[in-house]
Structures are given as structure tokens and as C-alpha cells.
Amino acid sequence: MLMQIYSLIRSSQGYVYERAGTINGFFDDPSQARICAVLLQTQLKCDVEICGCELSVSM
């Protein structure tokens, strides 16, 4: 599932950073972060937190 999360973030034009059990996605535009969050929630059933141009997925 980890690689699927990476793939969805990158396909949404995001940058991936992993730290201490959390995967963060950084985007140039907040709307890209929201779209990616919806994809993660619907396709992978992940709990996603959004703050501006950043999203976080806890593992």
C-alpha cells in the first residue's frame, strides 16, 4: 500500500516525504492537495489530513 500512496501523490503533481510512520505530500496548489486526498480516501481507504498545500497519511 505504501507504493500506491507514493504513486497517487506523484501522479497528482506532489512531492513525497516520509518520516516516523507518516507520509507527507507537498503540492504547489491547495486544490491539488484536496484532489489527491480524495483519491487516497476513495481508492485506498486512508485517513488523510490536509493543511493548505500539504497532506499527511499515517501508517
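Reply: Contact here means heavy atoms within 4.5 Å. The model is a predicted one, and the part to be examined is helix H2, residues 30-44.

Within H2, the residues Ala33, Cys36, Ala37, Leu40 and Leu44 are buried. Seen down the axis of H2, these buried residues fall within an arc of 105°, so they line one face of the helix. The face of H2 turned away from the buried side carries Ile35 and Gln43, which are exposed.

What covers the buried residues of H2 includes helix H1 (2-11), together with strand E3 (48-51) and strand E4 (54-58). Leu40 shows this in detail: leaving aside residues up to four places away in sequence, Leu40 touches Ile5, Leu8, Ile9, Lys45, Cys46, Val48, Leu55 and Val57.

Leu40 is also among the residues with the most contacts inside the largest nonpolar core, which has 15 residues, and others in that group are Ile5, Ile9, Val48, Leu55 and Val57. H1, H2 and E4 each supply at least two residues of this core, and H2 gives the most, with five residues. In soluble globular proteins, nonpolar side chains tend to be buried together.

Finally, H2 is followed by Lys45, whose phi is positive, near 60°.

Conventions
Residues numbered from 1 in each chain as written. Predicted model: local features only at pLDDT ≥ 70, side-chain atom pairs only at ≥ 80, totals over all residues. Heavy atoms only, no water. Helix = DSSP H or I, 4+ residues; strand = E, 2+ residues; numbered from the N terminus. Expected span 1.5 Å × (residues − 1). Buried < 20%, exposed > 50% of the residue type's maximum accessible area, 1.4 Å probe, protein only. Arc of directions from axis to C-beta. Core = buried A, V, L, I, M, F, W, Y, C linked by side-chain atoms within 4.5 Å.
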